[in-house]
Amino acid sequence: MNLTTSINNQIFGTVQCPGDKSISQRVLMIGALMNQEMIVDGFLHGEDPLSTMNALNQIGAGITVDENGLVHLSKRNHVFQNCDEPLNLGNSGTGLRLMLGLTSGIGLNLSFCGDESLSSRPMSRIINPLTEMGANIKSSSGKLPISISTTSLQKQYRYELPVASAQVKSSILLAGLASGSGVEIIEPIQTRDHTERMLKNFGANIEISSVESKNIIQLQPSNKLVAKNYTVVGDISSAAFLIVAALISNSSGLEITKVGMNPSRTGVLEALKKMGANIEVKNQRLESGEFCADLTVKQSKLKGVELTGEIIPNIIDEIPILSIAAAFAEGETLIRDAAELRVKESDRLQAVSDGFRMLGIAHKNFDDGMSILGSSESLCIEEPIFIESHDDHRIAMSFLIAGLKCSKPITVKDCKNIFTSFPNFIELISSVGYKLEK
Ligand code: S3P
């Protein structure tokens, strides 16, 4: 599915932010493990969380969705089951990595597969600690296909994260939770803490402290979780596309409601504010242990900034769209310490650079980032331009937003991957004035 942009300079309206992808996947896994009645509201019905739901149902979780989109977890009178068919996690790194932890902890015999992108992504970062915990995991040189077989895990496990990854941290926590093992994780750089918050929300014995500026996350071996209905806040990573659209358009007034404001995810707002963005945060509140707020965004004159060091894990998914903001900001933006972008759904540093080359945006590539020389002027497009999405949702949406600053429509190729994280992107962006044609 190719998408072609339209000529538009105005973004006005109010939209509700789609549900958070990380939280939607976690609430299914933790919810299934709790084995109690629970209703989840605000769930993201995107392909990634749905792959996770299917995988959980294959092992007998019995999760259903009603006609209003509410997700129902129920009390089963059977234990989780092995399954002959592989669990297919599609495009979802979070789904695969967290499910590997959860199911190793439960102690099942299973095999896992995924799409081409997921099959090329590194899984040793999960396999190594889970194997140290006692899991039996076979992989194809640290990649899919992967199979696990029943064992019992160590009673106590301590691990210092060698990569700043919430997926690795969460996978180990879920393995510990499911197997009744005590876990201590040392996290040198803060990554998203949705798992820790959700476990606390359901009453787990989990403590987070800080020693010499490292987080110490301790999950006790025994946990009596109590289910209660859960509301998923909006995904700030999805909101980021709408925010940048409003910032770079010629005229805008956009309200985005129910945006997740977890401090380990709001780096994108910090970065944009540093660039000069006019973003107002209102009605801060707490939903199921996560902060959320309503944002008002207005067209702004942006300037280049430096994005390096500890902020990077906090903005890791927003760097492609921040690069677009940087391309239309005056001066230079420098992004470093972001080599992790090379192992996301695509090599995102390469993918952004390829798109920039097609649009004639001046930039330099580094192994761990790029520098972008921006200008607030619109791009003068002379002939039809086709940009590769590299089958990556965030690359596709980023360059569709860049189309707002192009003198003629541009086409982004193979955009179907958008449905993994933002299933109503086309309708939502068109409802605020920016039409995308199939
Ligand atoms: C996620 C963690 C991040 C992020 C991904 C979602 C999660 O990945 O990029 O989109 O839900 O835990 P890493 O853990 O690999 O940094």
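First, the ground rules. This is a predicted model, where local features need pLDDT of at least 70, side-chain atom pairs count only at pLDDT 80 or more, and totals for chains, interfaces and linings use all residues. Residues are numbered from 1 along each chain as its sequence is written, and side-chain values use heavy atoms, with hydrogens and water left out.

Domain 1 covers 3-19 + 233-431, and domain 2 covers 21-231. Their C-alpha centres are 28 Å apart. Domain 1 puts 29 residues into the contact, domain 2 puts in 28. Contact here means heavy atoms within 4.5 Å.

Now the area. The two domains bury about 2,500 Å² between them, with 46% of it on carbon and sulfur atoms. That is accessible area (1.4 Å probe) lost on putting the two parts together, summed over both. On the domain 1 side, Ser 288, Glu 345 and Thr 420 lose the most, together 22% of what that side buries.

Next, charges. The rule finds 3 salt bridges across the interface. It asks for a side-chain nitrogen of Lys or Arg within 4 Å of a carboxyl oxygen of Asp or Glu. Glu 340 forms a salt bridge with Arg 125, the closest N and O atoms being 2.9 Å apart.

Last, composition. The side of domain 1 that touches domain 2 has 9 nonpolar, 9 polar and 11 charged residues. Charged means Asp, Glu, Lys and Arg; nonpolar means Ala, Val, Leu, Ile, Met, Phe, Trp, Tyr, Cys and Pro; the others, Gly among them, are polar.

Notes: Domain bounds come from an automatic or database domain assignment.
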